[in-house]
Amino acid sequence: MSTKEPQTRLRAGPYVPPEEAMLGCRNVTKTFGAITACDDVSIGIDEGEWVSIVGPNGAGKTTLLNVLNGFYDPDTGGEIFFDGEDVTTDPAHRRARKGLGRTFQGLELFEEEDVLENVMTVQAVKERPSLLSALVFYGAGRGIEAENMRRVEEIIDYLELWEYRHSTVSSLPLGIQRRVDLARTLALDPDVLLLDEAMSGLTFDEKYDMVRFLADLNEAEDLTLVMIEHDLEVVTDVSGRMIVLNKGGVIARGTPEDVTADPEVQNIYTGVD
Amino acid sequence: MLPNERSDRDEPTDAEPADAEPADAEPTDAEPADAEPADAEPTDAEPADAEPAGGGRLMPCGEYFTSYADRMGLVRWRIEKVALVLAIPIPLLLPLLLGGGALSMVTRIFIFIIAVLGLHVILGYAGEIVLAQGAFMAIGAYASTRIVAETGAGLIPGMLVGGLLTAAVAVLFGLPSWRVKGFYIAISTLALQFIALWFFENNELAFIHGGSQQNIPRDVGLVGEYVTISSATEQYFFVFAVMALFVLLTLNLSRTGIARIFRGIHENDLSSAVLGIDVFRNKLLAYAIGGFMIGVAGSLYSLYIGFISPDYFTIELTLEHYVMLLLGGMGRVWGVVLGVSLVTIVQDEIRELLLTYAADATALEPLFFGVLIIVVLAVEPKGLLAGLGQIKDYLRKWPYAY
């Protein structure tokens with residue numbers, strides 16, 4: 001356990017030791033049978049950073065995200081840190097309540113419900129009446145619900161989702177659904193947001209909107225963003241730092257300029273040259 | 001706290017798009033003072049504003065609430081207030097209007113509403129298939145009977161104990177939901193159904209359940225010896241009060257975070273967990289709430305029949321309640337009320353018809369409901385209430401398609 005960069009292949013670039021980082025992991029390996037999805041990955045993401053994780057298909061990006069947010073347990077020896085705290089044994093829901101938000105590549109929305117209900121559900125996780133006050137409703141329960149609704153309307157306002165408020169989520173276009181997913185996660189009031197291909201399948205305008213919201217959250221709220229993204233143009237435009245994965249391991253990390261100039265990355269990831 | 005928070009809008013503005021419409025649609029018609037509905041307080045007395053301004057205006061549409069608490073109200077629209085005022089006397093007058101048989105049927109409807117509401121919390125909200133309705137009701141019935149007969153504590157303590165015991169058993173059999181879901185949890189509760197029947201049929205276990213077949217003590221007080229319930233009318237009012245209470249409690253539950261979390265688990269347990277919901281704990285909570293209600297319904301049912309025997313709590317009862325729930329529509333309290341009422345009334349009619357014309361064709365009744373449920377699931381899987389909602393939507397938008 002040293003604080004030096006754990007892998008020799010690492011290129012130059014800011015590296016925060018996982019224990020001191022907002023979100024970090026050390027020596028995370030995740031195998032599924034004979035397949036090694038993550039191979040001894042250590043990363044550290046500082047507060048307020050906007051980090052993109054890139055890599056070809058099957059590089060282990062989503063697995064890494066799943067391990068970070070507690071959806072998978074890492075193989076023995078791996079450690080996860082959130083806000084300086086060892087959260088390796090915490091299940092996903094506890095990490096979420098501590099402020100680790102996440103969106104899904106496959107959009108796991110509450111599809112049969114409307115936008116308002118989707119966001120309200122997550123808001124209820126944050127601020128939920130006790131069973132008794134929920135059953136009695138009048139009094140404390142109503143106060144909590146009203147406050148939740150106010151806060152949810154704020155989020156809906158912020159993400160410009162007014163007109164879809166009462167639309168069933170499954171009937172909405174993909175771009176809006178991704179925004180609903182973001183809204184839902186924001187209701188958790190997260191400190192770190194893990195975005196799993198939040199922009200895949202979106203049109204240029206929708207991507208632009210998404211980046212606008214994320215940039216705003218990142219700058220004004222100091223929300224730490226970790227994003228898996230295939231669109232290199234977006235990645236190099238917005239993120240302060242990139243982590244490149246290939247075959248489960250980190251092959252490069254650093255500023256977008258450094259990383260994209262790296263010949264190995266160009267070779268493996270973009271396939272150019 | 002979000003960046004760019006808009007401080008100019010403290011008030012809820014639920015009808016934003018609808019509000020903006022009058023200004024957009026008829027810009028010439030709108031006077032400047034009225035033409036800025038989107039930003040100025042749109043929630044404030046819109047209908048009153050729009051009407052005196054001149055004939056030929058667009059009708060106000062949308063929701064106009066001035067506080068979030070109002071928006072969550074159960075009785076929000078004028079038509080609902082009128083309906084409520086008109087509906088309140090009905091159950092109070094029913095004993096005067098109906099004969100003994102019909103009143104008894106209504107009492108049964110009320111009891112089953114409680115039971116199906118319990119099922120609805122577990123299945124409709126949390127999405128867990130439970131096939132032990134009969135067992136849960138039996139536990140409630142036997143437990144409350146034992147309490148009433150042996151301690152003389154009265155009906156309400158008996159009901160509470162019955163409900164709590166049922167909740168405990170429901171949670172116990174909900175424990176496998178930690179690992180398994182859907183179909184498999186249904187099998188685990190189906191096992192409970194058969195275990196429970198065996199348990200209550202077995203007279204050697206009478207030291208626990210007090211005897212397989214028992215008469216319910218007559219003229220018992222609600223608490224101790226006070227306020228005895230003896231006549232059918234008194235029973236009706238007592239059951240009505242309990243039913244109304246549970247309907248209100250379920251409605252309250254449905255508009256608070258707890259039911260939202262249940263529905264979230266139902267819709268997508270994976271993302272629920274990732275969004276901070278303790279799925280297992282909340283499933284058990286749903287089992288406990290639902291089990292309690294079904295248990296209370298069971299003890300009321302035993303009071304209603306005046307006699308308990310395992311024969312009343314078979315798997316048929318479970319299936320009957322599923323027909324009621326699916327017909328009315330899962331996920332809505334009023335759907336339950338509608339489903340239970342309709343099925344019970346139709347069932348009674350069919351039984352009478354069969355008695356008159358074909359006393360031997362006993363299979364026709366389950367056959368009818370079997371076919372009915374297939375038709376409902378094929379035509380409108382969300383049940384009658386959702387179907388009615390679609391008709392309402394259609395009429396509201398007519399002659400436009402959307």
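Why does B:Glu234 count as partly exposed?

Author: B:Glu234 counts as partly exposed because it has 14 C-beta neighbours inside 10 Å. On this scale a residue is buried if 20 or more other C-beta atoms lie within 10 Å of its own, exposed if 12 or fewer, and partly exposed in between, with C-beta atoms placed from the backbone. The model is predicted: local features need pLDDT of at least 70 and side-chain atom pairs count only at pLDDT 80 or more, while totals for chains, interfaces and linings use all residues. Residues are numbered from 1 along each chain as its sequence is written, and chains are lettered from A and ligands numbered from 1 in the order in which they are written.

B:Glu234 is found in helix H11 of chain B; helices (H or I, at least four residues) and strands (E, at least two) are DSSP runs, numbered from the N terminus. The C-alpha atom of B:Glu234 is separated by 35 Å from that of B:Ala386, 152 residues apart along the chain. Chain B as a whole has 18 helices and four strands, and buried residues make up 41% of its 402 residues.

Next comes the interface between the chains. In it, 33 residues of chain B are in contact with 46 residues of chain A, contact meaning that the C-beta atoms, placed from the backbone, lie within 7 Å. Helix H11 (232-254) of chain B supplies at least two residues of the side that touches chain A, as do H1 (16-25), H3 (68-71), H12 (257-267) and H13 (269-274) of chain B. The most comes from H12(B), with seven residues. By class, this side of chain B has 16 nonpolar, nine polar and eight charged residues; Ala, Val, Leu, Ile, Met, Phe, Trp, Tyr, Cys and Pro count as nonpolar, Asp, Glu, Lys and Arg as charged, and the others, Gly among them, as polar.

Leaving aside neighbours within four places in sequence, B:Ile114 is in contact with B:Val242, B:Met243, B:Phe246, B:Met293, B:Val296, B:Ala297 and B:Leu300. Within chain B, residues 24 or more positions apart account for 72% of the contacts with a separation of 6 or more.

On the partner chain, an automatic or database domain assignment sets the bounds, giving domain 1 (1-99 + 190-265) and domain 2 (108-189) of chain A.

Five bridges join strand E9 (residues 241-246) of chain A to E10(A), and the two run antiparallel; strands pair if DSSP finds at least two bridges between them. A:Ile243 stands opposite A:Arg253 in E10(A). Strand E10 (residues 249-254) of chain A is mostly covered, with five of its six residues buried.

How values were computed: Contact = placed C-beta atoms within 7 Å.
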